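Walk through this model step by step.

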Amino acid sequence: MACAPHPIERDMTPAIRKALDKLGLLRDIDLVLHLPLRYEDETRITPIASCREGQMVQIEAAVLNSEVQLQPRRQLVVTVQDASGECQLRFLHFYPSQQKAMAPGKRLRIHGEVRGGFWGRQMLHPQIRKAEGPLPAALTPIYPISKGLPQAYLRRMIAVALQRIQIEETLPGTVLALAGPPPIAAGHGAAAGSAWWPLHQALQFLHNPAPDVALQTLEDHSHPAWQRLKAEELLAQQLSQFKVRQTRAGLGAPALSPPADISSALPLHEQLLARLPFELTAAQRRVCAEIAADIAQPRPMHRLLQGDVGSGKTVVAAMAACLCIDAGWQCALMAPTEILAEQHFRKLTEWLSPLLAEREQSVAWLAGAQKKKERAAMLEAVAAGSAMLVVGTHAVIQDSVEFARLGLVLIDEQHRFGVEQRLSLRKRQSTAPEDARAHDKGMEPHMLMMTATPIPRTLAMTYYADLSVSTIDELPPGRTPIVTRLIAESRRDELIERLATQVAQGRQAYWVCPLIEESEALDLSNATATFEDLQQAMPGARIGLLHSRMPAADKQAVMAGFSAGEIGVLVATTVIEVGVDVPNASVMVIEHAERFGLSQLHQLRGRVGRGSKESACILLYATGDNGQLGDTAKERLRAMAQTNDGFEIARRDLEIRGPGEFMGARQSGAALLRFADLDTDQALLEWARQLAPQMLRQQPRLAELHMQRWLGGKWDYLKA
Ligand code: ADP
Ligand code: MG
């Protein structure tokens, strides 16, 4: 596609180049896949006299008069006239060059919305061009732009790209025959014989649609040209997902199965089962078996373990670690926050250390805030291979950490890790230092990711074709359901009073302070104020304070005090959101609940209801000036009160927020679909899923071309 630069490219300023870069418009194909947001009809001229109020029209008229008025504010007022009547154009901002272009006597084509004000017909800030040459034959595309990139410039660039690009059809009949018939909605005037428009034709059309097209079908993307584009996009994504899966299947991993000679002690996982104060639920046993079968294969496992908050994922992770250690390989467990990692470390040490000690093995701890000497000792044990389980924050995956034989990576609360961290984990996997596995060359560790935010089926299908999923669909027995109440901020004092009584009776509570996204400092002062408030209001109780800015040691001390039951109320910012486990805590108060996302509220609520005590979750909400809560906010909080089912909540969250937000789009925007919509395009998605693996097998060249065309440099993000 490398051609001599077109004149327009020679005009490119650094600002334009930067804007193009930002929009990812690097190749001709990127430009032609940059589709219009909407269109303007400049194919016809409307006589001024027949323009109706509010109508978008193009008129052609001569300038009668042009003057700068100073009242009521400075503005350029231009009067134009055609054979049928007059119209006034008003510009609140204007350049001398524009004034000149609209000097009396000039003939103009003017495009804009007509207002029929008191002074006769007017247009505010219409678009102006010289009346020369024939009218365009197609609708004028309006593209998404960004700062520094003029619409007209981009339009010309796209037109040039469209003209010189050679588009090889990646879906010829031979490919299409591999899947069922395309699920095109009937009645859209698809070309007879074949329901798919060829890509080239679809693109030509979408950039320059004929004026007689039903605009509605372009707006709602139901037009066959759009269908083709959406199907293309979904197919590219499915192909890339299957490709990643294929690549993974070609990689080696240690087969983590029990050693053949079981002469010695009981396997570690059985010893662990014997030590646990509870029996695994049927669901836990099932997912353990799924994981065991998977890691016994000489291919890297890539599995998501999803289970509602409190369903007992940690012990499943511990069982997997035992299997790995028994097979003679090291295991790493990562958590997104230091508090959570620390809690895992304590629990796993309690469960496994005595067992490992008998074998002269240990559990190691790695975190960002760690004394140099301690860290060095840990690193040595990890490199020597005596630390069989390594627990920590993402410090575990830093380059300085070398494992002797890393066989399994467990990632808790996977969705909380940033895309960057997930990427570096993948990179780390495939570029681990040579010496680390001199005798196991080309081996990748298995991966198990845990989350309490289940991925709805359609999302899983689209974004994680590469992933196997295990689901814990039952809670351990003996849990009493959590009662959720919405309480207005105005009843705060009453609430504190009731809470004081309950704490006096030995109950423990979390009090989560509002999330203030813009400012961590405000977050903190808020928490501190609440902390002082509660201390005053409950002189009999011990109140603790926990926030992310505290030194690690202080955090640990407060958590330990709360775990031991010495602290009655723990005031915290959202640092406790994920994973924290103190079974005796039975009340959760969330301030300004309306500011949180549903899944986040569910995570927070999941901190209680872990013991046999009846638990309550209080959602304190602030009303607006009118004493009302906004509609969406109300809908969200009601959903929380109505169900304790995390899967249901995830579904509603997705409905309310859309997939972008849900997936943490700010980071992974590149991986999101631009054109297809998972709600309306399910049939296309199914079609793409069916076609992708077959196309990879039977038409690998076209499959590769298709992915290149659509994904270009965005590969990495899709893999994270
Ligand atoms: P999550 O899935 O949210 O990570 P945890 O692993 O923290 O949940 O488990 C929640 C609580 O349930 C912990 O206190 C844990 O010890 C306990 N637990 C886990 N499995 C069982 C079980 N089968 N029976 C009883 N309690 C269990
Ligand atoms: Mg957990």
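A polar contact here is a pair of N or O atoms within 3.5 Å. Keep that cut-off in mind for the ligand. The model is predicted.

Start with ligand 1. How many residues surround ligand 1? There are 17 of them. The closest are Glu279, Gly310, Thr314, Arg479 and Asp581. Now look at individual atom pairs. Gly310 places a backbone N or O atom 2.6 Å from an oxygen atom of the ligand. Asp581 uses its side chain instead. One of its side-chain N or O atoms is 2.7 Å from an oxygen atom of ligand 1.

Next, the helix pairs. Take α11, residues 282-295, and α12, residues 313-326. Their axes are 10 Å apart, at an angle of about 30°. Angles under 35 degrees count as roughly parallel, and α11 is therefore roughly parallel to α12. The crossing of these two helices is right-handed. Which residues of α11 and α12 make the contact? From α11 come Gln284, Val287, Cys288, Ile291, Ala292 and Ile295. From α12 come Val315, Val316, Met319, Ala320 and Leu323. By class, this contact holds 10 nonpolar residues, one polar residue and no charged residues.

Turn to α13, residues 338-357, and α19, residues 552-563. Here the axes are 11 Å apart and the packing angle is about 55°. The two helices are therefore oblique to each other. The crossing of α13 and α19 is right-handed. On the α13 side, the contact uses Glu338, Ile339, Glu342 and Arg346. On the α19 side, Ala552, Lys555, Gln556, Met559 and Ser563 take part. What is the class make-up of the contact of α13 with α19? It has three nonpolar, two polar and four charged residues.

Met695, Leu696, Arg697 and Gln698 represent α24 in the contact. Their partners in α25 are Pro700, Leu702, Ala703, His706 and Met707. Six of the contact residues are nonpolar, two are polar and one is charged.

Finish with the backbone. Most residues other than glycine have a negative phi, and most peptide bonds are trans. Two places in this model depart from those patterns. Where is Pro72? Pro72 sits in the loop between β2 (56-69) and β3 (75-81). The peptide bond joining Gln71 and Pro72 is cis, with omega about -5°. The other place is His125, in the loop between β7 (120-124) and β8 (127-130). His125 has a positive phi, near 50°, and is not a glycine.

Note on methods: Residues numbered from 1 in each chain as written. Chains lettered and ligands numbered in written order. Predicted model: local features only at pLDDT ≥ 70, side-chain atom pairs only at ≥ 80, totals over all residues. Heavy atoms only, no water. Axes fitted to C-alpha atoms, helices over the stretch in contact; angles between N-to-C directions. Helix = DSSP H or I, 4+ residues; strand = E, 2+ residues; numbered from the N terminus. Parallel < 35°, antiparallel > 145°, perpendicular 65-115°, else oblique. Left-handed = near helix turned anticlockwise from the far one by under 90°. Contact = heavy atoms within 4.5 Å. Nonpolar A, V, L, I, M, F, W, Y, C, P; charged D, E, K, R; others polar. Near = heavy atom within 4 Å. Polar contact = N/O pair within 3.5 Å; in protein donor to acceptor, adjacent residues only side chain to side chain.
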